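Here is a colleague's note on the model below. Please read the points against the coordinates.

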Amino acid sequence: MVNTDARPTAGANLTALRGHNAALVLDLLRTAGESGISRLELAERTGLTPQAVSKITARLRGEGLVVEAGRRASTGGKPRTVLRLVAGAGHAVGLHLDRDELRAVLTDLAGTVVAARRSPLDLGAGADAVLTATAREVDTLLDDGTGGRSALGVGVAVPGPLDHTDGVLHRVTGFPQWDGFPLRDALAERLGLPVVVDKDTNAAALGLALDTDGERSFAYLHLGTGLGAGLVLGGALYRGARTGAGEFGHQVIQLDGPRCDCGSRGCIEALCLAAVADGGESGLDEAARVLGEGAGNLVSLLDIDAVLLGGRAVSAAEERFVRGVAGVLEARARRGGGGPAIPVRAAPGGATLVVEGAAQLILAPLFGRGNAAYPSAGAAGS
């Protein structure tokens, strides 16, 4: 945990610092769960003074985000009052707009799913049809029959490439009509809620990073209707200066290979999807081998700690993909003499990993888990 009692760097304003300190406290309350945490423990783990923690927790209690959860025996002096997060005090919507399917979830502040929806979607049907279908699913999620739930905002995960900062889509592979579309602002206007847009792989990687304690750097490879990567480096989600990081599927590994929808030949995405489409054990083995070669390139370039696999194609043959990718990395490690291969495993979360990660696009900054690459959510109607 960063010691926030240190002086802020030049240019940091007091309001932002107060928000940062509150986020640190909220995050510790979130991870403490129902058992809660005392003010003294909060001070010790954040580096804040007990007085600062008392002020922050008093404000959070006044906002309904924190309540007392009993007392805990002390090693000396009077028993300590324990505080816990009121997870139901706020909600976030997560959306996963895939090429052929829409998933939607409503989570509480702890990230627990309290409602979920799934419906067919044709990403090629045009912006108006997609926005209408999306707004309908969000309205249904928020309608609990008692006047409706409120939401802090909507996190949207979509296939890349895109501009995360402005919420504008680029040339989505297979759907060039979306190039330049301002999805964030258009959806915020429809919903009347703040919206954050990111790549599906980044949303998944963010959710994984929040639940990963040991591995500080890893690649999440998502093979579904397309192929992409989410990168977590040094504990932070890495998007690149223009949100271009993770366009993993369009690295060329076969110069005379089949034509990809992006216009190039021999892209890993085209080779993997073709092998999966061929079906049978041999096709899946070939897809895993190709995916492993791409993963090996990432490992060599970035020296990451682990490779996590996900997406519907992987889920349908999880053990085969993990074994195949791991086999390639192990062979490369033996040839390179650089020690044992890094671990390869299926990402937890299954089919809902991306959509739950999309909700974290809204929640993570609240708990100080965002970084400089996170913009403010687009204002409704902006």
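1. In what order do the five strands of the open sheet run? The order is β6-β5-β4-β7-β10, and the pairing is mixed. Strands pair here if DSSP finds at least two bridges between them. Helices (H or I, at least four residues) and strands (E, at least two) are DSSP runs, numbered from the N terminus. The edge strands are β6 and β10 (195-199), each pairing on one side only. Direction ignored, neighbouring strands of this sheet are turned by 15 degrees against each other on average.

2. A word on provenance. This is a predicted model: local features need pLDDT of at least 70, side-chain atom pairs count only at pLDDT 80 or more, and totals for chains, interfaces and linings use all residues. Residues are numbered from 1 along each chain as its sequence is written, and side-chain values use heavy atoms, with hydrogens and water left out.

3. Take the β5 pairings. Strand β5 (residues 101-108) runs antiparallel to β6 (residues 113-120), joined by seven bridges. Within that pair, L106 has A115 as its bridge partner.

4. Helix α5 (residues 183-191) lies across β4, β7 (154-158) and β10, at about 145 degrees to β10. Helix α6 packs on the sheet and touches β4, β7 and β10. The direction of α6 makes about 100 degrees with that of β10. Contact means heavy atoms within 4.5 Å. Axes are lines fitted to C-alpha atoms, for helices over the stretch in contact, and angles run from 0 to 180 degrees between N-to-C directions.

5. How many cavities of 30 Å³ or more are there? The count is two. The search uses a 1 Å grid over the protein atoms alone; a cavity is a set of points where a 1.4 Å probe fits but cannot get out, and lining residues have an atom within 4 Å of a point. Points are joined across faces, edges and corners, and a volume is the space filled by probe spheres set on them.

6. The largest cavity holds about 170 Å³. Of its 19 lining residues, P159, G160, D200, L227 and G228 are the closest to its centre. Helix α6 (200-211) and strand β12 each supply at least two residues of that lining. By class, the lining has three nonpolar, ten polar and six charged residues. Ala, Val, Leu, Ile, Met, Phe, Trp, Tyr, Cys and Pro count as nonpolar, Asp, Glu, Lys and Arg as charged, and the others, Gly among them, as polar.

7. The second largest cavity holds about 50 Å³. L97, L123, V158, P159, L169, V172, W178 and L183 line it. This lining divides into eight nonpolar, no polar and no charged residues.

8. Now helix α7 (residues 268-278). Its I268, E269, A270, L271, C272 and A275 are buried, meaning under 20% relative accessible area with a 1.4 Å probe, protein chains only. These buried residues pack against β11 (218-223), β12 (227-233) and α8 (280-302). Just after α7, G279 takes a positive phi of about 75 degrees.

9. Last, S38 in strand β1 (residues 37-38). S38 is buried, at 1% relative accessible area. Neighbours within four places in sequence aside, S38 is in contact with R72, R80, T81 and V82.

Methods:
Buried means under 20% relative accessible area, exposed over 50%, partly exposed in between (1.4 Å probe, protein chains only). On a 1 Å grid over the protein atoms alone, a cavity is a set of points where a 1.4 Å probe fits but cannot get out, and a pocket is an open set with protein on both sides within 12 Å along at least five of seven lines; lining residues have an atom within 4 Å of a point.
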